[in-house]
Amino acid sequence: MVKDPSWLLNPLTNPIFEPVLLRTAILFIAGFFLIVALNKGFDGLTDSNLWRRYVSWLLIAPFYLTAVFLGGTVSLFFLLAVILVAVWEYKEISGLPQMYTWSLYVLSVVSVYVASYQTTLFYSLPVLYFTTLTTIGIRTNTKTAYQRTAETLFFMIWVVFSMSHFVLLGHLNNTFDFTKSLLVLLGFAVPLSDIGAYVIGKLSHKYDVLARPIAENVSPNKTYGGVIGNILGAGLGIAVMWFAIHTYLPAWAWVLMAFLFGVNGVIGDLTESTMKRFYDVKDSSSLIPGHGGVLDRIDSTLRVIIVLFYTLQLIL
């Protein structure tokens, strides 16, 4: 894996910069007309769930693309900011004691640093998490220490360790070229998968098999029809970036990726739903209109980035 050649990249020298901006604009324009069509007009448009999702993507896209194309230190600070906000949301949801909370903040910074500058030590991070959090659990000397330690360790692996793979994926991309196409791919595939699940899930509700919930007690709105939409949406995301990624892997591998993205996106979503059911909350926060908080936004990504990175490692 190869690190970025400098602490800051010039987007204008990136050959995919303008094509990606053009595709982003086209998708947002097409998405607007799709929402209007599904809503059957403009009446009540801004009250629809799909519209709120659309607005959230509209807000997130500029920040994400800026971080990806500037790369280097800017992208690291953006990644760290997202992780730290996710930690804050988890602290608010779970009522995490202060000692655990500060350990999560510190371990998050350490994780991004190790992924960036000490990559050979990256896979020792879970051992660091375990050692640190069990020590804190013992020091708290309470009856809930075991539960708190287990919850916090799960969060670290689930969110912080997974998100740190963004750095590794960027380094892996540099072995092909310095376009950051794989990171941009995630930015297209995950939201399109999410929208595909919503649209196909709604259209397939008349068919009993497709309308059946996957895990009714966890998230009754997640159906098998939605999974098909997830896969199709992920496939569309791959198709949008085909001009930049088609030389990385054979076509059959990208078809497999679409399937893996779709299925694991659902699993990622359900993982967060399981957590929210446990703490009895609807959203992780209200930071992003129509999509709750940062954890609500990155839940699918936490699984998809793992699948993308390690599948690439296996195939290459």
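# Briefing: fold, an enclosed helix and a pocket

Of the 316 residues in the chain, 50% are buried. The model is a predicted one. Its secondary structure amounts to 13 helices and 2 strands. The radius of gyration is 20 Å, close to the 20 Å that the globule rule gives for 316 residues, so the chain is as compact as a globular protein of that length.

**Overall dimensions and surface**

- The C-alpha trace of the chain spans about 60 × 45 × 35 Å along its principal axes.
- The chain has an accessible surface of about 15400 Å², and carbon and sulfur atoms account for 68% of that surface.
- Of the contacts between residues at least 6 apart in sequence, 73% join residues at least 24 apart.

**Helix α7**

- The buried residues of α7 are H165, F166, V167, L168, L169, G170, H171, L172 and N173.
- These buried residues pack against six helices by name: α2, α3 (72-94), α4 (98-117), α6 (145-163), α8 and α13.

**Residue S181**

- S181 is placed in helix α8.
- With a relative accessible area of 1%, S181 falls under the 20% cut-off and is therefore buried.
- Leaving aside residues up to four places away in sequence, S181 touches I16, N173, M241, A244, I245 and Y248.
- One of these contacts, N173, is also among the buried residues of α7.

**The second largest pocket**

- The volume of the second largest pocket is about 1100 Å³.
- Its lining consists of 38 residues; those nearest the pocket centre are R53, S219, N221, K222 and D269.
- At least two lining residues come from each of α2 (49-70), α8 (181-203), β2 (219-223), α10 (224-240), α12 (251-279) and α13 (294-315).
- Helix α12 gives the largest share of the lining, 7 residues.
- Sorted by class, the lining of the second largest pocket holds 15 charged, 14 polar and 9 nonpolar residues.

Note on methods. Residues numbered from 1 in each chain as written. Predicted model: local features only at pLDDT ≥ 70, side-chain atom pairs only at ≥ 80, totals over all residues. Heavy atoms only, no water. 1 Å grid on protein atoms, 1.4 Å probe; cavity = no way out; pocket = protein on both sides within 12 Å on 5 of 7 lines; lining within 4 Å. Points joined across faces, edges and corners; volume = space filled by probe spheres on them. Helix = DSSP H or I, 4+ residues; strand = E, 2+ residues; numbered from the N terminus. Nonpolar A, V, L, I, M, F, W, Y, C, P; charged D, E, K, R; others polar. Buried < 20%, exposed > 50% of the residue type's maximum accessible area, 1.4 Å probe, protein only. Contact = heavy atoms within 4.5 Å. Rg over C-alpha atoms; globule rule 2.2 N^0.38 Å. Areas by Shrake-Rupley, 256 points an atom, 1.4 Å probe, with all protein chains shown as cover.
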